[in-house]
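Reader: I'd like to learn how to read a few features off a model like this one. Can we take them one at a time?

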Amino acid sequence: MKTTQYFQPPFEAVVARHGATVLRVARAVVGPTDADDAWSDTFLAAMQAYPQLPADANVEAWLVTIAHRKAIDIARAKSRRATPIADTPDSPGGEGADHRDLDLDAAVSALPPKQRQAVAYHYLAGLPYAEIATILDSSVAAARRAAADGIATLRRTYPRIDNPRRSQ
């Protein structure tokens, strides 16, 4: 009796293929400061579990799920730590803040967590809403709505740069 064996690609190939996507998702979810830690934690955990990964698994979705959990761990740990500052600001960044001056990372970071995650997973990682719903433990409709609301907020808050070549 002939049996077919499945050989997984080496883990290095998985990192090379999906590393950039996981880093983009980590940056969007936890910000550029903690993204490298989330990326490293993701691939350390994935390396341990990789040999048991089923042959038909969606490796990218699996890695984004791990990155999501590691990002949550980092965000929770960060929220428990005190943040030292040199001086207190003269005015809070609330009502008077000009949100058009935010760069894209800051604009994405300002989104509520579910919207930020849905935007990152769909638009940066390219995952379908069904997989995003599984990661976020919500419905497909809720995942789609969170992504749509996040994009709508980004369209309002992220500055548009007019390309001078367009007007010529």
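Reader: Let's start with Leu 127: is Leu 127 buried or exposed?

Author: Buried means under 20% relative accessible area, exposed over 50%, and partly exposed in between (1.4 Å probe, protein chains only). Leu 127 has a relative accessible area of 1%, so Leu 127 is buried. One caution: this is a predicted model, where local features need pLDDT of at least 70, side-chain atom pairs count only at pLDDT 80 or more, and totals for chains, interfaces and linings use all residues. Residues are numbered from 1 along each chain as its sequence is written, and side-chain values use heavy atoms, with hydrogens and water left out.

Reader: Where is Leu 127 found, and which residues is Leu 127 in contact with, leaving aside its neighbours within four places in sequence?

Author: Helices are DSSP runs (H or I, at least four residues), numbered from the N terminus. Leu 127 sits in the loop between α5 and α6 (129-136). Contact means heavy atoms within 4.5 Å. With those sequence neighbours set aside, the partners of Leu 127 are Glu 60, Ala 61, Val 64, Tyr 121, His 122, Ile 132 and Ile 135. Glu 60 is 67 residues away along the chain, yet its C-alpha atom is 8.3 Å from that of Leu 127.

Reader: Now helix packing. How do α1 and α5 cross?

Author: Two packed helices are described by the angle between their axes and the distance between the axes. Axes are lines fitted to C-alpha atoms, for helices over the stretch in contact, and angles run from 0 to 180 degrees between N-to-C directions. Here the axes of α1 and α5 (residues 113-124) come within 9 Å and cross at roughly 160°. That makes α1 roughly antiparallel to α5 (the label for angles over 145 degrees). Among the residues making the contact are Val 25 and Ala 28 of α1, and Ala 120 and Leu 124 of α5.

Reader: And the aromatics: how many aromatic pairs are there?

Author: Rings of Phe, Tyr and Trp (its six-membered ring) pair if their centres lie within 6.5 Å; planes under 30 degrees apart are stacked, over 60 edge-to-face, and the rest tilted. The structure has four such pairs. Phe 11 and Phe 43 have ring centres 6.2 Å apart and planes at 70°, so they are edge-to-face. This pair links distant parts of the chain, with Phe 11 in α1 (residues 11-30) and Phe 43 in α2 (residues 32-49). For Trp 39 and Phe 43, the centres are 4.8 Å apart and the planes at 55°, so that pair is tilted.

Conventions:
Helices (H or I, at least four residues) and strands (E, at least two) are DSSP runs, numbered from the N terminus. Angles under 35 degrees count as roughly parallel, over 145 as roughly antiparallel, 65 to 115 as roughly perpendicular and the rest as oblique.
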